[in-house]
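User: Could you show me how to read helices, cores and aromatic pairs in a protein model? I am new to this.

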Amino acid sequence: MHIHGNYLGTQYQLLNGIKKQIFKFLVSRSTAGIVLSSSLKENFNGLLEQDKVFIVENFANNNLISKEIIQKNSSQLNLLWLSNLMEEKGILDFLDALILLKKRCVNFEAKLAGKIEDGLEKIIDEKITELGNSVEYLGVILGEQKKDQLVSSNVFVFPTYYTMEGQPISLIEAMATGNIIVTTDHAGIPDVVSHDNGYLIKPRDINDLVDNLENISKNLAHEIEKFSASNQIYVKKNFTEDAFGQKIMNIILNISNPKH
């Protein structure tokens, strides 16, 4: 059983009676459980023995990993949002932070890509209109268009506090393409993103987000030099398709040939 989020354990605890018994019966019959990082292993508490729970991190597709170090533009903040535009993912906090940045006369350009959560269309449109030419909504992007946006940006912002958040693959993709990361200390994120990769902020703290973005802007060339190349190398060493495939294969071999 390979879980990609962080809600299985919570869901189990919320159940009772026959539903909880059936849930445990089915999950506990798994030969092994796979989670995305160490802090997510507790999802299997009471369901699988810990020696049956394995960690396999997300990966960046090969087409996002460049043989040569990608050089980032340091003339201004080029911010990228690449996820569903959901309230719990922090999209409203991000837009409010951009409004404050503009009031502080910080020069930036922001691109937003992803599906808008039902019911948020009006408020998001209003905030984007207030921000004017500084922000562009691209809709859902894939393939080369997605890669182009990741390469042309220099700061990837993701202030999520999503209840079911696991380990967002978008963060690994952003590091693979040399972006400075600004995200939250939430769910499995600190297992793959540290202060070596950018900035971990407090969830739902707009001022913390604004202060970090303003600081990056004031020292942009230095910040790019500090994080961009090292983030690309970090992904090449740890989060490739080959690494992912090998870890999955090792687990299959391990559970197929248990030691007696």
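**Rings, cores and a helix**

Analyst: Let's begin with rings: Trp81, Phe94 and Phe158 form one aromatic cluster. This is a predicted model, so local features need pLDDT of at least 70 and side-chain atom pairs pLDDT 80 or more, while totals for chains, interfaces and linings use all residues. Residues are numbered from 1 along each chain as its sequence is written, and side-chain values use heavy atoms, leaving out hydrogens and water.

User: How many aromatic pairs are there, and which of them is stacked?

Analyst: A pair of aromatic rings is described by the distance of the centres and the angle of the planes. Rings of Phe, Tyr and Trp (its six-membered ring) pair if their centres lie within 6.5 Å; planes under 30 degrees apart are stacked, over 60 edge-to-face, and the rest tilted. The count by this rule is 6 aromatic pairs. One of them, Tyr12 with Phe23, is stacked, at 5.7 Å centre to centre and 25 degrees between the planes. Tyr12 belongs to helix α1 (residues 8-14) and Phe23 to helix α2 (residues 17-28), so the pair ties together parts 11 residues apart in sequence. Helices here are DSSP runs (H or I, at least four residues), as are strands (E, at least two), numbered from the N terminus.

User: Are Tyr12 and Phe23 buried or exposed?

Analyst: Buried means under 20% relative accessible area, exposed over 50%, and partly exposed in between (1.4 Å probe, protein chains only). Tyr12 is buried at 8%, and Phe23 counts as buried at 19%. In another pair, the ring centres of Tyr234 and Phe239 are 5.2 Å apart with planes at 80 degrees, so this pair is edge-to-face. Tyr234 is partly exposed, at 23%, whereas Phe239 is buried, at 4%.

User: Which residues have the most contacts inside the largest nonpolar core?

Analyst: A nonpolar core is a set of buried Ala, Val, Leu, Ile, Met, Phe, Trp, Tyr and Cys residues joined through side-chain atoms within 4.5 Å. The largest has 56 residues, and Leu79, Ile91 and Leu98 have the most contacts inside it. Helix α3 gives the most to this core, with 8 residues.

User: What is the length of helix α7?

Analyst: The expected span of a helix is 1.5 Å times one less than its number of residues. Helix α7 (residues 206-218) has 13 residues and reaches 18 Å from its first C-alpha to its last, close to the 18 Å expected. Its buried residues include Leu209, Leu213 and Ile216.
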